[in-house]
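Welcome! Here is a short tour of one protein chain, starting with how its parts meet and ending at its annotated site.

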Amino acid sequence: MPLTSFNTPDPYKYQNGFNSYHETEAIPGALPVGMNSPQKPPFGLYAEKLSGTAFTAPRATNKQSWLYRIMPSASHSSFSPVPDSVPGVQSTLRPSAFHQIPNQLRWDPFEIYEDRDFVQGLNMIAGAGDVSTKNGIGIYAFAAGKNMDYHSAFYSADGDWLVVLQHGEMDVETELGRLYVRPNEILIIPRGIRFRITLPNGPVRGYILETFTTGHFELPELGPIGSNCLANARDFQAPVASFTDDVGSALKPYRITAKFDGNLFVATQRHNPFDVVAWHGNYYPMKYDLGRFNTIGSISFDHPDPSIFTVLTVHSAVNGTAVADFVIFPPRWLVGEDTFRPPWYHRNTMSEFMGLISGDYDAKASGGFLPAGASLHNVMSAHGPDYGTHEKASNAILKPQKVGEGSMAFMFESMFMVGVTEWGLKTCRKVQEDYNAESWGGLKRNFYPPAGKWGSHRPKSKGSDK
């Protein structure tokens, strides 16, 4: 069945379609007919335009939505910096410097913070580029054990978010409606959209890819594959309009926290930030069940490039080279004849950050790559299957084989050289110091040239590496 068997039914209804133009109203008649900004919008609402691209961006890439809300989002106090003394993550979202490291890196599972909400539980692991020039990416771990306060909302002005939930469930209230996110689902929150996260089933943990570029997540082109497969547009779900009409007080105003150039700022306002009664447009949050991904692979020989597992991409100015790709390795059949079936050893001009949602990753048999952990193989850092996986795959009987049952690994791949933050390298205390030796230290020399002009280098006992 092409979907994930979730433990919790989804309580909400959605609109389906990736990059579709949607319109929705919580009260019939709340959307103006035939125009965007009437002199008096229906029911005394305010019209507000939310632009995810420049006004003059080409029609094919222009992202915008019109919101009809009880109070405009401009109605708030001045933003003030969040001081470092306030519990949270101010110092871990904008590192003073990245550690650029050619070594292969791997992390043990990241902690769950029972006493933190979603915003307080954000930590930057790695990144590249510069937020203020809209050029680069950020990679974060998040963990939380309590709800965001009812009188709060958060948004990032820095970029679009792709949230990969590894543990727990999230009820996500956004300006444009609600989404319920479970493990094996991803959540996309575009730049600037305000949201609040509650935890209906206990603590949560996961990963975030933030793209600072002016581009947005897109479905990859399919080329010779044709018009379907991989992630299909119809399977992405966007919220329907849902609003809350209440006001804060002098003692309990609504707090809006903004991530701006990697720093946190806070403002207050009297009205509920989730007061959008109707909206229309193509700039909105959405979610996707990774279980619906239609995997493509070889049915003859060889292991294709992992780009065939790309769910979403963010384009750069260089054709075919991504600011970021989101790639998954779902359950799938391997049938290649006379083929080494796991991923081959390679070095890549792209950086590869991997995480594991559940199960075991088929290219790592040692057990060191665990759910909620991660690895980073930076630009031209050599990597591939560990010793145990290579031995097993090199001697396996090549019958049809289902791999990845109950597993889901993913990769954030980027054209940037990805630096590691001080939190990711030291503070989190999760880096596996023996990763390289454990994975590849046991590899043996298998090269035995024939006797003759090359000489004879065959060792006395097979398996020796001398």
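## Where the domains meet

In this predicted model, domain 1 and domain 2 bury about 5,100 Å² between them, 68% of it on carbon and sulfur atoms; buried area is the accessible area (1.4 Å probe) that two parts lose on being put together, summed over both. On the domain 1 side, R106, W107 and L230 lose the most area to domain 2, together 18% of what that side buries.

Domain 1 spans 4-80 + 92-290 and domain 2 spans 293-435, with bounds from an automatic or database domain assignment. Their contact (heavy atoms within 4.5 Å) takes 56 residues from domain 1 and 52 residues from domain 2.

## The annotated site

An unreviewed UniProt entry marks H346, Y361 and H383 as "binding site"; positions follow the numbering used here, feature names are shortened, and such annotations may be inferred rather than shown by experiment.

Let us look at two of them. Y361 is buried, with a relative accessible area of 8%, and H383 is buried too, at 7% (buried means under 20%, exposed over 50%, partly exposed in between; 1.4 Å probe, protein chains only). Leaving out residues up to four places away in sequence, Y361 touches F329, P343, M354, L356, F369, S407 and A409. With the same exclusion, the residues touching H383 include W344, H346 and W440.

## How to read the model

Residues are numbered from 1 along each chain as its sequence is written, and side-chain values use heavy atoms, without hydrogens and water. Local features need pLDDT of at least 70 and side-chain atom pairs 80 or more, while totals for chains, interfaces and linings use all residues.
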